[in-house]
Amino acid sequence: MGEQADRRRTDTRRRVRAIALELFTEQGYELTSLTQVAKEAGVTRQAVLHHFANKEELLTSSYEELLPALDVIIESARAHPPSAATRMRAIERFDALVRGEHGASLVCAQLNEHALRGLAAARTLQQRLDDLTRALATGEGPEGTMRARLALSAVIMAVARGRELGGRQAERHRAALAVARSLIGSEEGSPPPLPG
């Protein structure tokens, strides 16, 4: 009986977190209340509070699950010689992360960047994204860093801006990887020449 109760508690916690991320993304972190999260999850506000003391803790728990997966990508990129192939492998792994269970956390973070700026968990996530950006940078200076940041943003945009971009999710992800390749996929960091 104890194992079944633990499973139910874990399932409720995951469902609440998933619904909260969806609401934070759709209507904004600041405009979403725990009461709304509870209602959408089909539980009481007290049930939400049993799992999470407040909205910040709810968001923090989601980021805490994401960070180890992001760290693996960063460490792998750092462990290999800097090259276009290393950068593209890292972007492809980041794309898989965005398409997987942690995508909602990354989309929420991007769409609520300003509102979340003061939260410790958001600062930690931003530091990791900065680390990944540095690992993907195509050279010294602002242009290389900007290309890397834009490549990461393109991958997140494939999920975050689906309605505006159109097409199916798989098409958007292929397009995001093509954009990333044009930004960071060459050795010197300049876009590859157009086919003639």
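Predicted model: local features only at pLDDT ≥ 70, side-chain atom pairs only at ≥ 80, totals over all residues.
Helix 5 and helix 11 run roughly antiparallel to each other, because their packing angle of about 155 degrees falls in the range over 145 that counts as such. Helix 5 covers residues 84–99 and helix 11 covers residues 169–184, and their axes lie 10 Å apart. The crossing of these two helices is right-handed. On the side of helix 5, the contact is made by A84, R87, M88, I91, E92, D95, V98 and R99. Helix 11 contributes Q169, H173, L177, A180, R181 and I184. By class, the residues of this contact comprise seven nonpolar, two polar and five charged.

Helix 4 and helix 8 pack at an angle of about 15 degrees, with 9 Å between their axes. Helix 4 is therefore roughly parallel to helix 8, and the crossing of the two is left-handed. From helix 4, the residues in contact include Y63, L66, L67, L70, I73 and I74. From helix 8, they include L125, R128, L129 and L132. In this contact 14 residues are nonpolar, two are polar and five are charged.

I now come to the pockets. What is the volume of the largest pocket? The value is about 630 Å³. Its lining consists of 21 residues, and those nearest the centre of the pocket are L21, E22, T25, A104 and V107. Helix 1, residues 2–27, supplies seven residues of this lining, the largest share. Helix 4, helix 6, helix 9 and helix 10 each supply at least two. Nine of the lining residues are charged, seven are nonpolar and five are polar.

The second largest pocket holds about 310 Å³ of space. It is lined by 16 residues, of which A109, Q110, E113, Q126 and L129 are the closest to its centre. L129 also belongs to the contact of helix 8 with helix 4. Which helix gives the largest share of the lining of the second largest pocket? That is helix 8, with five residues. Helix 6, helix 7 and helix 9 each supply at least two residues as well. The lining of this pocket divides into nine nonpolar, three polar and four charged residues.

How values were computed. Residues numbered from 1 in each chain as written. Heavy atoms only, no water. Axes fitted to C-alpha atoms, helices over the stretch in contact; angles between N-to-C directions. Helix = DSSP H or I, 4+ residues; strand = E, 2+ residues; numbered from the N terminus. Parallel < 35°, antiparallel > 145°, perpendicular 65-115°, else oblique. Left-handed = near helix turned anticlockwise from the far one by under 90°. Contact = heavy atoms within 4.5 Å. Nonpolar A, V, L, I, M, F, W, Y, C, P; charged D, E, K, R; others polar. 1 Å grid on protein atoms, 1.4 Å probe; cavity = no way out; pocket = protein on both sides within 12 Å on 5 of 7 lines; lining within 4 Å. Points joined across faces, edges and corners; volume = space filled by probe spheres on them.
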